[in-house]
Every structure is written in C-alpha cells, then in structure tokens.
Amino acid sequence: MEHRFPWTRRPQRRWTTILGWIALVYDDDLAAAARHLGHALALEPTDLFTLHVAAFLSLGLGRKNAAIEIMEYVSARDPMDATTHDDLGGVYYYTGRLDEAIASRRAALKLSPDIVDVHYFIGAALLLKGDTEAALTAMQAEPVEGYRLTGLALVYHALG
C-alpha cells in the first residue's frame with residue numbers, strides 16, 4: 001500500500017515539519033507554519049519532506065516561483081515518488097502552468113495508477129485549457145466517486 005503522506009516513513013524525525021504542515025493546512029496559520037518549517041530546515045536543510053511542505057508554504061505566501069523551484073528540486077531528488085509528481089503537478093496547476101501540471105500528474109499515474117484525485121486534476125487542467133472532450137475522459141477515469149462526480153458536473157456544465 002502506498003503511503004500518501006511521506007512523514008510516515010520516519011516519524012521520529014519529522015515532528016517539527018508535521019507541526020508546520022498542521023499550521024499550514026489545518027490552522028491556516030502561515031506565520032506558525034513558517035516558524036516550524038524554518039526550525040525543521042535548520043535541523044535538516046535537505047530533508048525532502050520538509051522542502052515539500054515548504055513549497056506549499058511558498059505557494060500560500062504567493063511566492064510562486066519559489067514553490068516551483070522547491071518542488072522541482074524535490075522531484076529531481078526523488079523521481080520515483082508518485083506523490084511528489086502529483087504535488088509538483090499541483091504547484092504547476094495553481095501557478096497556471098497547465099501543460100506541465102498535466103505532464104507531472106501523468107507521471108504520478110505511471111508510478112502509481114491507484115493514486116487518488118490525479119485524474120480529476122488532469123481533467124480540471126484540461127477543462128481550463130478548453131479541451132472538454134479530454135477533460136470528460138479524464139474525469140470518467142477518476143476512481144474516487146466524489147472527485148469523479150464533481151469533475152463530471154464541471155465538464156457537463158462546460159459542455160452546456
């Protein structure tokens with residue numbers, strides 16, 4: 001079974017990063033997230049999971065180029081991790097680099113065909129590009145019902 005959350009690999013060394021993740025995602029507290037991640041990076045400046053979370057903090061702070069650079073760095077150092085490719089695709093998506101988002105998420109699917117939500121986000125990027133037929137195909141392939149139904153509603157709305 002694939003671990004969706006990389007911190008499960010070495011939890012004893014990740015508590016500071018996990019606190020940063022919680023502050024960022026669950027508390028929406030960018031300042032606290034920055035403090036925790038700054039501390040984590042001081043302890044392990046090349047830790048890929050900490051850098052991964054720092055990329056999303058950068059995105060939240062509006063530092064799009066930094067987010068892309070960090071996630072590309074992480075992806076280059078862990079090219080066989082499907083979650084990294086998926087999240088790199090997310091950074092590309094949220095920065096408007098749709099072709100790169102699609103390519104990165106397709107790379108994630110090649111590594112882990114069962115990864116959650118990837119077909120949905122490929123479909124969303126295709127929809128934004130105006131390719132409704134390809135978006136429909138992607139949404140129909142999404143294995144998670146909630147994502148699939150939401151995606152299909154978006155595509156059907158775009159089709160009129």
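Is Asp117 buried or exposed? Asp117 is buried, with a relative accessible area of 9%.

## Basis of the model

This is a predicted model, in which local features need pLDDT of at least 70 and side-chain atom pairs count only at pLDDT 80 or more, while totals for chains, interfaces and linings use all residues. Residues are numbered from 1 along each chain as its sequence is written, and side-chain values use heavy atoms, leaving out hydrogens and water.

## Two aspartates with positive phi

Asp117 sits in the loop between α6 (98-111) and α7 (118-128). Its phi is positive, about 75°, although Asp117 is not a glycine. Buried stands for under 20% relative accessible area, exposed for over 50%, and partly exposed for values in between (1.4 Å probe, protein chains only).

Asp28 also has a positive phi, near 50°, and is a residue other than glycine. Asp28 belongs to the loop between α1 and α2 (30-43). With 63% relative accessibility, Asp28 counts as exposed.

## Helix α8

Thr132 is part of helix α8 (residues 132-141); helices are DSSP runs of H or I with at least four residues, numbered from the N terminus. Thr132 counts as buried at 19% relative accessibility. Leaving aside residues up to four places away in sequence, Thr132 touches Leu127, Val155, Ala158 and Leu159, where contact means heavy atoms within 4.5 Å.

## Helix α1

Val25 lies in helix α1 (residues 15-26). Val25 is partly exposed, and its relative accessible area is 40%.
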